[in-house]
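Take a look at the chain below.

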Amino acid sequence: MSGHDGGMSGRDSVQIPDDRDFGAFRAQCESESGWSLTYSKGGVGVWVQLLEPERALHKIKCRMECRDVPAETLYDVLHDIEYRKKWDTNVIETFDIGRLTANSDVGYYAWRCPKPLKNRDVVTLRSWLPMGSDYIIMNYSVKHPKYPPRKDMVRAVSIQTGYLIEGTGAKSCTITYLAQVDPKGSLPKWVVNKSSQFLAPKAMKKMYKACLKYPEWKQKHDPHFKPWLFPEQSRLPALALSELSLQHADSLENIDESSLAESKEDRGEGSDEDSLT
């Protein structure tokens with residue numbers, strides 16, 4: 001049922017991932033063949049797999065060891081959309097659109113790209129699977145009639161993106177982030193380098209800091225509201241799969257940004273305290 005390389009791209013209609021899809025995603029997270037290590041420092045590793053070098057189309061994989069963060073806290077942080085607006089400085093706008101099942105929904109996410117690139121957005125079907133002390137959250141792009149591409153954004157395509165969280169102790173875990181996103185268009189080569197060697201590690205460290213502060217924040221913000229754990233709490237309208245269609249990358253407008261140079265004020269590495277640009 002699944003597409004090639006463990007992705008969801010071989011499907012010809014919108015479907016909710018099954019156990020085989022979650023298994024294939026986990027296998028990709030754990031696989032080492034075909035990946036080039038581009039960053040390894042301070043408990044964070046980043047690997048890249050170039051798919052179409054001429055278009056800078058690539059897969060990226062980041063892994064981070066999280067001390068003093070239980071797996072379930074990290075899982076909550078990734079799900080908690082209100083908290084994401086606090087710590088994810090990349091986010092322009094994000095909201096849930098509707099719920100499909102107890103462990104799948106559809107959402108919108110728009111993010112800032114490094115200057116002078118245009119900002120991107122996606123509409124994705126997300127699903128999640130708790131497995132004891134391990135968890136998977138993954139998504140792929142879909143089309144929803146009420147959320148067509150916007151004029152001020154480039155609609156990107158998540159071919160498959162997700163997180164594997166593995167509990168390594170009562171208060172420690174490892175997170176693997178795996179993304180295959182078609183950013184639509186031809187990107188300059190510096191973007192892949194900047195993403196893998198600077199932006200991705202920085203984003204992981206920011207997420208780690210957010211995890212350390214989450215229990216205290218959540219205590220003051222609707223502490224018992226966790227619809228990802230208790231689906232009966234969900235306030236989202238029910239969605240039918242029939243309302244969605246596949247978002248094929250080739251049906252969206254391509255823009256050519258391959259000749260754009262990185263803007264000067266954006267070139268500095270900055271400290272880990274800085275917000276993501």
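What follows is a short walk through this model.

The model is predicted: local features need pLDDT of at least 70, side-chain atom pairs count only at pLDDT 80 or more, and totals for chains, interfaces and linings use all residues. Residues are numbered from 1 along each chain as its sequence is written, and side-chain values use heavy atoms, with hydrogens and water left out.

Start with the whole chain. It has 4 helices and 11 strands. These are DSSP runs, numbered from the N terminus: helices are H or I with at least four residues, strands are E with at least two. Of the 277 residues, 53% count as buried. Buried means under 20% relative accessible area, exposed over 50%, and partly exposed in between, with a 1.4 Å probe and protein chains only. The chain exposes about 13,500 Å², and carbon and sulfur atoms supply 52% of that area. Accessible areas come from the Shrake-Rupley method with a 1.4 Å probe; for residues, only the protein chains shown count as cover. Contact means heavy atoms within 4.5 Å. Among contacts with a separation of 6 or more, 65% join residues 24 or more positions apart.

Now the interior. In soluble globular proteins, nonpolar side chains tend to be buried together. A nonpolar core here is a set of buried Ala, Val, Leu, Ile, Met, Phe, Trp, Tyr and Cys residues joined through side-chain atoms within 4.5 Å. The largest one has 32 residues, and those with the most contacts inside it are Leu 74, Leu 78, Ile 165, Ile 175 and Met 207. Elements giving two or more residues to this core include α2 (71-79), β9 (157-169), β10 (172-182) and α4. The largest share, 7 residues, comes from α4. Apart from this core lies another, of 14 residues, among them Leu 100, Val 123, Met 153 and Leu 239.

Which residues does Ile 165 touch, leaving aside its neighbours within four places in sequence? Its contacts include Ala 71, Leu 74, Tyr 75 and Leu 78, as well as Cys 173, Thr 174 and Ile 175.

Turn to helix α1, residues 19-30. Its 12 residues reach 17 Å from first C-alpha to last, close to the 16 Å expected at 1.5 Å a residue. That expected span is 1.5 Å times one less than the number of residues. Among the buried residues of α1 are Phe 22, Phe 25 and Arg 26. The buried residues of α1 pack against β3, β6, β7, β9 and β10.

The structure holds 14 salt bridges, each a side-chain nitrogen of Lys or Arg within 4 Å of a carboxyl oxygen of Asp or Glu. Arg 126 pairs with Asp 105, the closest N and O atoms being 2.9 Å apart. The pair links strand β6 (residues 120-131) to strand β5 (residues 104-111), 21 residues apart. Both Arg 126 and Asp 105 are buried. Asp 121 bridges to Arg 155 at 2.8 Å. This pair runs from strand β6 to strand β8 (residues 154-155), 34 residues apart. Asp 121 counts as buried because its relative accessibility is 0%. Arg 155, at 6%, also counts as buried.

Lys 220 and Glu 216 form a salt bridge at 3.8 Å. Both lie in helix α4 (residues 189-220), 4 residues apart, about one turn of the helix. Lys 220 is exposed, because its relative accessible area is 63%. Glu 216 is exposed at 55%. Elsewhere, salt bridges that share partners join Arg 26, Glu 30, Asp 134 and Glu 166 into one network.
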